[in-house]
Amino acid sequence: MKLTLAIAATTVCFSAFSSAQADTLRIGGTGSATVLMQRLGAAFEAKETGTTVEVIPGLGSSGAIAAVRDGVLDLAVSARPLKPAESGLTEIIAIRTPYGLASSHPKPGDIATADIAAFYAEPTSTWPDGSPVRVILRPKSESDTALLGETFPEMAAAIDKVRMRIDVPVAATDQDNLEMARSVDGSLVGTSLAQMETENHHPHLRFLTIDGVEPTLGNLENGDYPYFKPFRFVFPDQSRPVVQRFLVFVESSEGESLLREAGSLPAAQ
């Protein structure tokens, strides 16, 4: 669903509100989108005189959704869909970013989709030069655990198998995930291009190619690379005008340009 359609369906008319009206937009959510939201927020502030954007880090998808329901945040950026109990909220898949497997290994090589789960779960897996693969997990309740399990065949069972090993570390947050991956030789993690680009983890970490295809924006856009992480915007059914203006901005040509610079695409593309 395009944002413009969702906006028309979920907001009252706010044409009487001036863009110069002093206002504060509070955003929080999944850690992998934090820097992206900071960039979008800064550009939105520059266009909206008197408007301030506060991006609250460290909340995660569930924490941010709860904060929106409590009226503490105006907008949550979620890496998971809403649950049935999270009523009174609207969600829009607003952004897509390539999602894949990354490593600190200098030449992690290529892997076939059908081989990923076994490669991930087998304790004796090695990189092309024979060095060991060091898997890093996320907490069981973390949205990226579900995403990784849903993205590749048999991956959910592989994650459960790896979780039984006491030698496998667990990264609590998206930021911990990539910082740990950088510090562990031969690491293997699931991550998004948006986080890799916005937090400057290139060239410290490198994506594996999957079935010979790199996780680039071009390959996602033309359908050659099918794996992506969606960022959902979650906001009250009766949201404030500043939220709607921000959604319009994200869909604008300037917003799209900022998304692309951050390894992301508007959801409709």
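**Exercise 1.** Which residues line the second largest cavity?

*Solution.* The structure is a predicted model, in which local features need pLDDT of at least 70 and side-chain atom pairs count only at pLDDT 80 or more, while totals for chains, interfaces and linings use all residues. Residues are numbered from 1 along each chain as its sequence is written, and side-chain values use heavy atoms, with hydrogens and water left out.

On a 1 Å grid over the protein atoms alone, a cavity is a set of points where a 1.4 Å probe fits but cannot get out; a pocket is an open set with protein on both sides within 12 Å along at least five of seven lines; lining residues have an atom within 4 Å of a point. Grid points are joined across faces, edges and corners, and a volume is the space filled by probe spheres set on the points.

Step 2 gives the list: the lining consists of Ile-27, Gly-28, Gly-29, Thr-30, Ala-33, Thr-34, Met-37, Val-55, Ile-56 and Val-77. The second largest cavity holds about 50 Å³ of space.

Step 3 assigns elements, where helices (H or I, at least four residues) and strands (E, at least two) are DSSP runs numbered from the N terminus. Strand E1 (23-29), helix H2 (34-47) and strand E2 (51-56) each supply at least two lining residues, and the largest share, three residues, comes from E1.

Step 4 sorts by class: Ala, Val, Leu, Ile, Met, Phe, Trp, Tyr, Cys and Pro count as nonpolar, Asp, Glu, Lys and Arg as charged, and the others, Gly among them, as polar. This lining has six nonpolar, four polar and no charged residues.

**Exercise 2.** Describe the largest cavity.

*Solution.* Step 1: there are three cavities of 30 Å³ or more, and the largest has a volume of about 90 Å³.

Step 1: of its 13 lining residues, Tyr-120, Ile-136, Leu-137, Arg-138 and Leu-148 lie nearest its centre. Two or more residues come from each of H5, helix H6 (155-163) and strand E7 (187-192), and H5 gives the most, with three.

Step 2: the lining of the largest cavity divides into seven nonpolar, three polar and three charged residues.

**Exercise 3.** Describe the two largest pockets.

*Solution.* Step 1: the largest pocket contains about 270 Å³ of space. Among its 17 lining residues, Leu-59, Gly-60, Ser-61, Glu-142 and Ala-172 are the closest to its centre. Helix H3 (60-69) and helix H7 (174-183) give two or more residues to this lining, with H3 giving the most, three. By class, the lining of the largest pocket has two nonpolar, 10 polar and five charged residues.

Step 1: the second largest pocket contains about 160 Å³. Its lining includes Ala-79, Arg-80, Pro-81, Glu-142 and Arg-232. Helix H5 (143-151) and strand E10 (228-236) each supply at least two residues, and H5 provides the largest share, four residues. Five nonpolar, two polar and five charged residues make up the lining of the second largest pocket.

**Exercise 4.** At what angle do helices H10 and H11 pack?

*Solution.* Step 1: axes are lines fitted to C-alpha atoms, for helices over the stretch in contact, and angles run from 0 to 180 degrees between N-to-C directions. Helix H10 (residues 241-251) and helix H11 (residues 253-261) pack at about 65 degrees, with their axes 4 Å apart.

Step 1: H10 is therefore roughly perpendicular to H11; angles under 35 degrees count as roughly parallel, over 145 as roughly antiparallel, 65 to 115 as roughly perpendicular and the rest as oblique.
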